[in-house]
Every structure is written in C-alpha cells, then in structure tokens.
Amino acid sequence: MDLFSEIIAAKEQLSVVVPKTPLMQNMNLSEEFKATILLKREDLQIVRSYKIRGAYNKISTLTDSEKTNEIICASAGNHAQGVAYSCNLLKIKGKIYMPVTTPKQKIKQVQLFGKSYVEIVLIGDTFDDAFAAAMKDSTQNHKTFIHPFDDIKVIAGQGTVGLEILEAFKHPIDYIFIPIGGGGLASGIITVFKKLSPNTKIIGAEPLGAPSMKTAIDEGTNVALKTIDKFVDGAAVKQVGKLTFDICKNNLDDIILVPEGKVCTTILRLYNEEAMVVEPAGALSISALDFYKDQIVGKNVVCVVSGSNNDIERTAEIKERSLLYEGLMHYFLIQFPQRPGALKEFVNDILGPDDDITYFQYNKKTNREVGTVVVGLELKKKKDIKSIKRNMIAKGFQFEYLNENPALYTQLIG
C-alpha cells in the first residue's frame with residue numbers, strides 16, 4: 001500500500017477519536033500581507049497538537065501481541081502527549097522518554113493524558129538524548145518503539161491534516177507553510193498535496209538554530225547536526241528521519257529558516273491580537289510569512305499552527321528574545337566613573353526620554369576610578385540605539401556592546 005492510501009486509511013482510523021480542526025481565515029494577517037491567510041488550527045486538538053494523529057494511527061494498528069507488551073516512545077513533549085492519550089484510550093501500557101529540559105507544562109500534560117497507563121522517564125538535554133535511551137530500552141526489552149516522525153503509520157496519521165485542509169477550502173491553495181522538526185507532518189501533507197493539489201507551493205519552516213532538514217537537503221545526505229538551539233523544542237532535532245528526508249528532499253519548494261527571536265515576536269503578537277496561545281514550534285509557519293511577503297500578495301495561503309503547549313514560565317524568555325530580535329533590547333558592559341552624579345549624568349545625557357533601564361548590575365570598588373556596570377536598555381524605537389552609542393562615546397563612557405558578543409552576553413546575562 002502506498003503512502004497516500006495509508007493516509008486515506010488513517011482518516012477512517014482516526015475519525016471516531018481525533019476531531020477535525022478548523023481552517024480559519026485570520027483577518028489581521030490577511031490584511032497585513034494583502035492575501036487570504038488561513039490558519040489550520042491543530043493547536044485546538046485535545047492534546048493541543050497534531051501529534052495525536054500519528055501516534056493513535058500507529059498504536060491502534062499494532063498487533064495484539066504488540067499491544068500486550070509495553071510500548072516505548074521518545075519525545076520533546078507533543079508526541080509524548082499523543083502517545084499517552086492513545087495508551088489511555090486503548091488501555092495499553094507505555095513508557096515515555098523525554099529530555100530533562102522539557103517544559104514542566106508538557107510533562108504534566110503527558111501524565112494527565114496517560115494517567116496510570118504511562119511511565120515518564122526524564123533523561124538527557126535534547127530529544128536525541130531521550131531518543132537514544134528509548135531505543136536502547138526498546139531493543140534490549142523487545143518492546144515496540146513508536147517513532148515520533150520516521151514511521152509510515154505516523155506519517156500517514158499526520159497526513160490527514162492535509163486532507164482536512166483540502167476538504168475545508170474549495171478554492172485553489174497557492175501556498176502552504178508547514179513547520180518542520182523531524183519531518184513527519186511535512187511528509188504527510190506533501191503526499192496529499194502532490195496528489196490532490198499539485199500546483200500548491202509547499203514551504204517548510206525550520207528554526208534557524210536547528211536547520212536539520214535544510215542542511216540535509218543542501219548537502220544531499222541525511223546528516224546529523226552537531227549542535228542545535230533547543231528553544232523551539234517541538235521542532236529542534238539534530239537529524240530528520242530517513243523516510244521524511246526522502247519525501248521532503250524532492251518535494252519541498254523551499255525551506256525558510258526562522259530566527260528564534262522572530263518566533264517569539266509571533267507568539268506575543270498572536271496572544272495580544274488573537275488571544276491565541278501557541279508554542280514556539282506552533283508559531284513557525286506564521287513567522288515564515290514575512291520571508292514571502294512579496295510572493296503571497298493576492299494569494300490563498302495556509303499556515304499549519306502545529307501546537308499550543310507553551311509554558312507560562314517561559315514568557316519572560318520569550319519577551320526577551322523578541323525584544324532582542326526587534327532591536328528594542330540592548331545590553332552594554334560599561335566602564336562607569338566612580339563618582340557622585342555619574343548615574344544621573346548617564347540617565348540625563350545618554351538616554352532619551354523613552355528609554356528604560358531594565359537591568360543594572362554594579363558593585364562599587366574602592367580605590368578605583370571606574371567600575372564595571374552591566375546595563376540593559378529597552379527602547380521604544382529601534383533607531384534610538386545609534387544616538388545612545390554616540391552619546392556614550394561623546395561623554396567618554398567606554399563600553400562593550402553585548403548584543404554583538406554572544407559568548408559574553410550568555411556569561412553575564414543569559
């Protein structure tokens with residue numbers, strides 16, 4: 001049976017368990033980009049992501065002997081919730097390996113959906129660490145491993161997203177933007193669109209700090225990245241799947257690498273304008289629209305919103321990354337004169353009326369003419385940073401601009 005036929009079968013398998021999610025036109029985005037922007041709201045699934053589709057399709061089609069034995073999976077959070085919920089529905093025992101860095105909200109939700117049917121094991125710093133531990137357990141104990149993306153049944157389940165999009169929108173779709181982590185969702189949607197909507201341009205969106213699919217395609221082989229930025233945890237993997245690479249390499253029209261700060265700006269905007277709570281991976285496809293703003297004018301465009309499992313404890317980091325990306329947050333290491341009135345002079349002569357000091361770290365040293373100060377400034381206008389630098393030079397303040405020194409920034413601030 002080919003993959004498209006598997007997707008049709010998955011649609012039937014999921015029909016009584018996984019509700020169809022809406023395809024909704026977003027007025028703010030449509031007006032901004034002068035296009036019809038439609039959001040496929042997979043964030044509204046019961047487990048708040050599309051991952052339930054692949055997990056349930058795979059687990060429900062296991063043999064009786066496989067169901068009797070404990071199943072195992074590895075996940076950064078969303079696949080784990082899909083597996084946990086499926087175990088609960090099908091009354092199957094499961095063990096779920098997750099990185100130690102997984103947001104607490106996701107861990108709690110996994111236990112909520114799986115109840116007594118799942119055991120959670122936290123191990124390693126990345127998905128790949130958890131994956132290696134889970135595979136070792138699966139091999140040594142002869143238990144079925146439920147792969148998060150590199151499995152024909154999982155890909156077929158995710159592909160039902162594509163069927164629903166085409167059923168819901170009867171007009172030609174010019175572009176579809178799909179978030180890519182391991183590539184399961186993209187592979188499923190690609191299979192559907194190449195069959196039923198071959199003229200649609202298929203654009204993948206990956207985190208700039210974890211460009212596993214783009215790197216593999218550019219190099220012509222499925223290489224593993226040595227290091228990744230784990231911030232977009234739902235899409236941060238070092239290596240995509242073998243199956244997914246083979247499907248994506250010849251069928252994606254483009255892959256956009258989205259800066260993590262841009263993702264954060266989108267998260268905040270969706271919350272403020274739409275009352276939508278999305279996780280970093282869930283904001284990838286919408287964040288990629290800016291990179292195609294000229295091409296999509298007047299077009300019908302679909303963005304898959306892949307998940308909303310965000311942890312409120314990450315809000316401060318999200319805001320910080322957004323401000324840094326937008327050029328509104330700046331950090332300096334300044335040699336400050338150790339004399340009365342120096343701070344007043346800095347505020348009055350260096351800063352503008354709308355500039356705000358949000359971070360100030362200083363320990364006065366005796367018998368020293370200057371002291372080292374770390375200062376964080378939040379601006380209202382991006383261009384104001386130029387006058388601040390000019391003013392510091394004119395007043396004789398020696399400084400190091402930490403935004404352009406990631407290593408020092410991380411040591412002092414991050």
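Biologist: Which helices each supply at least two residues of the lining of the second largest pocket?

Modeller: Helix 12 and helix 14 do. Both names follow the rule that helices (H or I, at least four residues) and strands (E, at least two) are DSSP runs, numbered from the N terminus. This is a predicted model, in which local features need pLDDT of at least 70 and side-chain atom pairs count only at pLDDT 80 or more, while totals for chains, interfaces and linings use all residues. Residues are numbered from 1 along each chain as its sequence is written, and side-chain values use heavy atoms, with hydrogens and water left out.

Biologist: What makes this space a pocket, and what makes a space a cavity?

Modeller: The search runs on a 1 Å grid over the protein atoms alone. A pocket is an open set of points with protein on both sides within 12 Å along at least five of seven lines, whereas a cavity is a set where a 1.4 Å probe fits but cannot get out. Lining residues have an atom within 4 Å of a point. The second largest pocket has a volume of about 360 Å³, and I267, L268, Y271, T315 and I318 are the closest to its centre among the 17 residues that line it.

Biologist: How is that lining divided into nonpolar, polar and charged?

Modeller: It has 9 nonpolar, 5 polar and 3 charged residues. Ala, Val, Leu, Ile, Met, Phe, Trp, Tyr, Cys and Pro count as nonpolar, Asp, Glu, Lys and Arg as charged, and the others, Gly among them, as polar.

Biologist: What is the volume of the largest pocket, and which helix gives the largest share of its lining?

Modeller: The volume is about 540 Å³, taken as the space filled by probe spheres set on points that are joined across faces, edges and corners. R321, L324, P406, Y409 and T410 are the closest to the centre of the largest pocket, out of 16 lining residues. Helix 14 gives the largest share, 6 residues. Helix 12 (260–274), helix 14 (315–325) and helix 17 (406–412) each supply at least two. By class, this lining has 7 nonpolar, 4 polar and 5 charged residues.

Biologist: How many cavities of 30 Å³ or more are there, and what lines the largest?

Modeller: The whole structure has 1, and about 290 Å³ of space lies in the largest cavity. Of its 27 lining residues, Y50, K51, G181, G234 and A235 are the closest to the centre. Helix 5 and helix 9 (184–196) each supply at least two residues of this lining; the share from helix 9, 3 residues, is the largest. The classes are 13 nonpolar, 10 polar and 4 charged.

Biologist: How do you know that strand 4 and strand 5 pair?

Modeller: Two strands pair if DSSP finds at least two bridges between them. Strand 4 (residues 94–98) and strand 5 have 5 bridges in the parallel sense, so they meet the rule. G94 stands opposite V118 in strand 5. Both strands belong to an open sheet of 4 strands in the order 5-4-3-6, with parallel pairing.

Biologist: Why are strand 5 and strand 6 placed at the edges?

Modeller: Strand 5 (118–122) and strand 6 (144–146) each have a single partner strand, so one side of each lacks a neighbour in the sheet. From one strand to the next, the twist averages 25°.

Biologist: What does helix 7 touch in this sheet?

Modeller: Helix 7 (residues 127–141) touches strand 3 (71–74), strand 4 and strand 6, where contact means heavy atoms within 4.5 Å. Its direction makes about 160° with that of strand 3. Axes are lines fitted to C-alpha atoms, for helices over the stretch in contact, and angles run from 0 to 180 degrees between N-to-C directions.

Biologist: Which strands stand at the edges of the sheet of 6 strands?

Modeller: That open sheet has the order 1-2-10-7-8-9 and mixed pairing. Strand 1 (23–25) and strand 9 (254–258) are its edges, since each has a single partner strand. Inside the order, strand 7 (residues 175–179) and strand 10 (residues 300–305) run parallel and are joined by 3 bridges, with Y175 opposite V301.
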